[in-house]
Amino acid sequence: MSKHKDFLFVLIKSLSKSEKRQFKLYAGRLDINADAKYISLFNLLDKMDDYDEDFIINSGIVKKQQLSNLKSHLYKQILISIRLSPLNQNIRIQIREQLDFATILYHKGLYKQSLKILDKAKQLSLENEEKNIAFEIIELEKLIETQYITRSTMGRAEELVVQSLELSEQNALASKLSNLSLQLYGIMLKSGYVKNDDEYVEITEFFNENLPKYKQTDLGFREKYWLYNATLWYSFLTQDFLSCYRYAQKWVRLFNDNPQMIFINPVFYLKGNQYLLESLFLLKHSTNFKNTLVLLEQTIQDERFPQNENITSLIFLNLYTHKLNLHFLEGTFQEGEYLVPIILKKIKEHSEQLDEHHVMVFYYKIACLYFGSGDNRKCISFLDKIIKNKNLTMREDLMCFSRVLSLVAHYELGMDYQLELQLKSTYKFLIRMNDLHGVQKEMIRFLKQISFVYPNEIKKEFTKLRDTLVKFEEDPYEKRAFLYLDVISWLESKIENRTVGEIVREKALKRNR
């Protein structure tokens, strides 16, 4: 069995040295546990490089029919141990712990003690925008008040009812906005940007129908966060990158105005910066892009910034995606090649946290880096990883443009026979995906007939294709092709006998001036 299919094995391998030591101290807290089977199983799995069920059974620790139950017990004990570790005591766990304590006291009939803990936990929840937990706390307070007359405050019942109604409305609004955000994100993963007027109308109607009514003055931190999130995804889908920038900027500013929330919700903060950098990249604002990237790195290095496997993997995704993008913006493709071995190593290190979609995006960006530096063989090898991936069901646009870039790279290498096969398969694929638009049609037409053009006529053909494609740059549905492949710069490099990097660097200098 693969180690990736056994949750217990994966969990044990994810533990740090301190977490393993913490577990052994926790498990050995009673002498009776010294020879417990689950500790023996833990030690055995910890030493194994790959999960092997037959080896476990042959070790004599446990019989086959008992293994499943023993693994479940060990899994639970490890989670309890991790939860008790001071390193994992974030604000949500602390509040939940207080709620658990209050519930225990309530069941023992110690109502005053329970209410005192609940009141403190409620204040902590509200201060840190943990409104779902705050609502749970109020519901328990209401339950206790129906059984025990505290007489501590006049109008206590009315106060709890008002708080409950307010939180219920705020939670409902946040839930609707988060639902809308997730649905739009799912559409983006599946289909990418809108491709025509019909899709634009469909997405716009969906967004407007599902956007809940709200008053700006009634929005708290959490409601604003989900509003900016949902609107950002709508803007990305409709390719309104200026609007993407505005809402990503609002998202990040929301955290900067509430700095304590950066360290309480580091994932949301990282995501906001990711989309801010993405929108600046699409708008080609290289100076703002670099400044934002520097500020993000400085914040991450703050000793208060939480560190765990999830956050570390997100930091990797954010920083290295945009380190690559910076080289694309500045045309420094060869200088960026040092990132490739680092990225590939980190993909392995974070294999349990990264999904296939994000890995394929990295492969596409690496392919573009090698294409820009003129190493078309390496470009094709990374594109093949995407094209041959039969399990990738998301980002149809990524699949489409991987094939188009592969065509260009095959042409550059003079691989005429393979180019002919690529042309046929790419043409069929784009039709099947309903993605055969103007830019792709012109590229395929050009590559089909270029081998029949006399050498002294090739530059003229490059110029004709460039002049044709430039017209598509401002088309709202065709311009997305240039987000994946800077084909204009490639054509200009062929016309002027210069490298793609030189052309892109020159354009970057002009933009900055």
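**Exercise 1.** Find how E136 and R96 meet, and which parts the pair ties together.

*Solution.* Start with the side chains: E136 and R96 form a salt bridge at 2.9 Å, N to O. The term requires a side-chain nitrogen of Lys or Arg within 4 Å of a carboxyl oxygen of Asp or Glu. Helices here are DSSP runs (H or I, at least four residues), numbered from the N terminus. Finally, check accessibility: E136 is partly exposed at 35%, and R96 is partly exposed at 33%. Buried means under 20% relative accessible area, exposed over 50%, and partly exposed in between (1.4 Å probe, protein chains only).

A note on the source: this is a predicted model, where local features need pLDDT of at least 70 and side-chain atom pairs count only at pLDDT 80 or more, while totals for chains, interfaces and linings use all residues. Residues are numbered from 1 along each chain as its sequence is written, and side-chain values use heavy atoms, leaving out hydrogens and water.

**Exercise 2.** Is I91 buried or exposed, and which residues does I91 touch?

*Solution.* First, locate I91 in helix α6 (residues 91-107). Then read its relative accessible area: at 16%, I91 is buried. Last, list its contacts (heavy atoms within 4.5 Å): leaving aside residues up to four places away in sequence, I91 touches L124, N128 and I264.

How values were computed
Helices (H or I, at least four residues) and strands (E, at least two) are DSSP runs, numbered from the N terminus.
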